[in-house]
Amino acid sequence: MTDLHIRAAVPADAETVLAFWKEAAEGTSITDDADGVTRLVTRDPAALILAERDGVLVGSVIAGWDGWRASLYRLAVLPSHRRQGIATALLEAAERRFVAVGGRRGDAMVLEANERAQRAWAAAGYHREDHWRRWVKPLVETA
């Protein structure tokens, strides 16, 4: 995997990341716009971790750290590049980040219907906690 380049995203990556997520990620989010991605990388420059191969974005993970929790979102790999160790490399980078800032546990958001993702997270050593449920409330109206 020496040809895989792992790096933090910069604001100029926003549109590329959004196009990548449309192809590689499951589901959408209220923050799936250039402003949302730009705000993320401006507020926390190390949070959005990208994997590139030959100059092409092939993977992403958001490794959010708020000083209390180490949260993982948007682990995605291009379908044509799956099962090549890219998700593993991204998670290792995220976990190194968390350990360096004092994180004690990584929490991943995984869609209930995404069985492929559930298998990938389990293979990476994560386990499902059925006693928790996510509660959400939109703070702005979306179109």
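Modeller: First, a term: a nonpolar core is a set of buried Ala, Val, Leu, Ile, Met, Phe, Trp, Tyr and Cys residues joined through side-chain atoms within 4.5 Å. Buried means under 20% relative accessible area, exposed over 50%, and partly exposed in between, with a 1.4 Å probe and protein chains only. Please note that this is a predicted model, in which local features need pLDDT of at least 70, side-chain atom pairs count only at pLDDT 80 or more, and totals for chains, interfaces and linings use all residues. Residues are numbered from 1 along each chain as its sequence is written, and side-chain values use heavy atoms, with hydrogens and water left out.

Biologist: How many residues does the largest nonpolar core have, and which have the most contacts inside it?

Modeller: The largest nonpolar core has 36 residues, and F20, W21, L48, I49, V61, L72 and I86 have the most contacts inside it. At least two residues of this core come from each of α1 (14–24), α2 (34–43), β2 (48–53), β3 (56–65), β4 (70–77), α3 (86–101) and α4 (115–123). The largest share, 7 residues, is supplied by α3. Helices (H or I, at least four residues) and strands (E, at least two) are DSSP runs, numbered from the N terminus. As background, nonpolar side chains tend to be buried together in soluble globular proteins.

Biologist: What is L48 in contact with, leaving aside its neighbours within four places in sequence?

Modeller: With those neighbours left aside, L48 is in contact with R7, A8, A9, V17, W21, V37, L40, V41, S60, V61 and I62. Contact means heavy atoms within 4.5 Å.

Biologist: V17 and W21 are in that list. Which residues of α1 are buried?

Modeller: The buried residues in α1 are A14, V17, L18, F20, W21 and A24. They line one face of the helix, because they fall within an arc of 160° when seen down the axis of α1. That arc is the one spanned by the directions from the helix axis to the C-beta atoms. E15, K22 and E23, on the other side of α1, are exposed.

Biologist: What do the buried residues of α1 pack against?

Modeller: They pack against α2, β2, β3 and β4.

Biologist: Now the backbone. What is the phi of D54?

Modeller: D54 has a positive phi of about 55° although it is not a glycine. Most residues other than glycine have a negative phi. D54 is placed in the loop between β2 and β3 and counts as exposed at 69% relative accessibility. R74 also has a positive phi, near 55°, and is a residue other than glycine. R74 lies in strand β4 and counts as buried at 16% relative accessibility.

Biologist: How many aromatic pairs does the structure hold?

Modeller: The structure holds 1 aromatic pair. W121 and Y126 form this edge-to-face pair, at 5.0 Å centre to centre and 85° between the planes. Rings of Phe, Tyr and Trp (its six-membered ring) pair if their centres lie within 6.5 Å; planes under 30 degrees apart count as stacked, over 60 as edge-to-face and the rest as tilted. Both W121 and Y126 are buried.

Biologist: Finally, the overall fold. How many helices and strands are there in the protein?

Modeller: There are 4 helices and 5 strands, and from the N terminus on the elements run β-α-α-β-β-β-α-β-α. The radius of gyration is 15 Å, close to the 15 Å that the globule rule gives for 143 residues, so the protein is as compact as a globular protein of that length. That radius is taken over C-alpha atoms, and the globule rule is 2.2 Å times the number of residues to the power 0.38.

Biologist: What percentage of the residues in the protein are buried?

Modeller: Buried residues make up 36% of the 143 residues.
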